[in-house]
Amino acid sequence: MVLIKEVTPALTKWSVKVIVHEKTQPRVSQHGGQRHQQIVFMDETGHKVMGVIYGDDIDKLKDDFCISSTYNISNAKLKRIEDKYNKFSYPYQWTINHQTLYYEEKSDVIPRSLFKTNFVNLSEIKEKSQPNVLIDILGIVIRKKNPRNFISGPNQHTLRDFAIMNEEQRVVVITLWNTVAISEGKLIDDAVQPFPIITATALTYSSFFEGGSLGSTPGTVITVEPPIPEAQNLATWRSNNMKTIVDTIGARNYFLRDNSAIPNLEGPYSTIADVVAEDKVDKFVIKANIKIVDAKQKFYYMGCDKCFSGIDAEYNYVYTCNSCKEATIAKPRQKMQVEIYDSTGNLDVTIFGDQCQDILKMDAIMCMDLHNAENFISINEMNKNLFGKRFLIKLNKKKQTRGHTTVYQYIVIKLQLHEETAQESTPSVFVNKNESSSTNMNTPKSAEITNMGAFKDESLE
């Protein structure tokens with residue numbers, strides 16, 4: 001029996017006793033498309049090694065290598081790791097397959113007390129964050145969002161956001177990216193506990209959400225209800241403080257973006273009259289006020305959770321999307337019709353996704369729940385909150401031809417509250433649409449897309 005650090009290609013026969021320290025859900029490589037699962041093994045001296053299972057062996061070994069269990073592993077295939085991908089001081093990775101010799105040790109186990117954790121308190125993540133330093137945290141999942149897509153250049157990324165709290169009622173949002181969002185996000189979704197305790201490792205700090213947030217890296221591992229003393233203590237607190245957890249959930253929307261960290265939309269700025277008159281440009285940045293006119297809208301639609309194409313289906317309906325051709329689930333996504341106006345005219349525009357949160361202060365699930373309830377927030381109250389506020393709005397003008405008729409659809413790509421609020425806005429514009437100028441009267445209206453199969457969030461383009 002040897003230790004991890006003693007295993008090298010020169011050692012032809014070896015056996016190491018290890019404990020399973022971390023284990024990811026199966027993932028598919030973002031570029032190569034290869035299915036794999038990572039396992040971090042630790043020996044009794046605290047040294048660690050990354051083990052990887054590939055392809056069909058994942059299903060064959062799915063009942064083995066449980067977290068905190070001890071195994072004796074012999075003669076696994078070694079692969080040298082480039083320094084930039086190596087999480088540990090040991091320079092090799094072990095490939096585990098159905099031919100690898102191993103067995104679970106039931107009597108002479110490695111004690112869990114050897115698990116050395118270095119969790120950062122949620123109230124200290126900003127102070128503890130440093131360049132190239134990754135953060136591990138422990139917390140209770142109190143809210144989660146549906147997957148969302150983010151397009152950067154030619155690449156589309158999948159993201160999942162989770163709100164995590166601790167005993168001090170400090171809440172931080174964790175954003176999981178791509179393969180981690182899909183694999184570890186499903187692990188959280190499948191948790192039996194309504195408010196599961198998780199550990200999340202190898203996270204980076206971000207200021208995207210209000211109060212600070214954390215983002216995953218390719219090395220991030222999520223463990224649900226981990227069998228460690230810190231998690232067990234937190235579980236006891238959870239059992240005794242369910243009302244505190246519920247009150248914290250209802251205190252505010254934790255998925256609001258921190259707009260102070262986002263650069264202002266830069267000009268040149270156009271007026272609404274410019275947008276209407278221009279035929280050769282399709283994107284504009286304008287300064288305008290917002291009001292909600294349609295009191296019957298739902299503020300969400302049901303769509304594919306991968307490409308966001310709309311479908312007339314129930315929540316969590318499983319189907320094959322007609323647009324992206326992928327097996328998917330129907331999930332709610334925010335959508336709202338509003339009127340924007342300035343001194344030159346007004347336009348009916350459509351806002352999708354996270355941009356709606358700057359106005360509604362709630363996510364798509366909350367919109368869906370409130371729409372099905374009797375106490376949905378009134379349009380008048382929303383408009384009172386909007387009155388006197390001017391926004392920077394990046395707008396996409398999309399031309400559509402229907403028979404012999406040309407219409408335009410106006411999609412909000414980005415929305416920011418302007419640093420100066422327009423206190424001098426004319427109340428009559430807000431109250432009576434018929435009192436608008438002649439430019440307003442000739443403004444083309446936003447086209448409502450009726451082909452649900454082709455309907456999707458254009459703001460991502």
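The structure accordingly contains zero disulfides, a disulfide being a pair of cysteine sulfur atoms within 2.5 Å. The model is predicted, with local features requiring pLDDT of at least 70 and side-chain atom pairs counted only at pLDDT 80 or more, whereas totals for chains, interfaces and linings use all residues. Residues are numbered from 1 along each chain as its sequence is written, and side-chain values use heavy atoms, with hydrogens and water left out.

C304 is buried at 1% relative accessibility, and C356 is buried at 0% (buried: under 20% relative accessible area, 1.4 Å probe, protein chains only).

The largest nonpolar core comprises 38 residues; such a core is a set of buried Ala, Val, Leu, Ile, Met, Phe, Trp, Tyr and Cys residues joined through side-chain atoms within 4.5 Å. Among the residues with the most contacts inside this core are I286, I340 and L395. Apart from this core lies another, of 20 residues, including V7, V49, I58 and Y92. Beyond four places in sequence, L395 touches I286, I340, Y410 and V412, among others (contact: heavy atoms within 4.5 Å).

Strands β21 (residues 390-402) and β22 (residues 405-417) run antiparallel and are joined by twelve bridges. Strands are DSSP runs (E, at least two residues) numbered from the N terminus, and two strands pair if DSSP finds at least two bridges between them.

Definitions and conventions
Buried < 20%, exposed > 50% of the residue type's maximum accessible area, 1.4 Å probe, protein only. Helix = DSSP H or I, 4+ residues; strand = E, 2+ residues; numbered from the N terminus.
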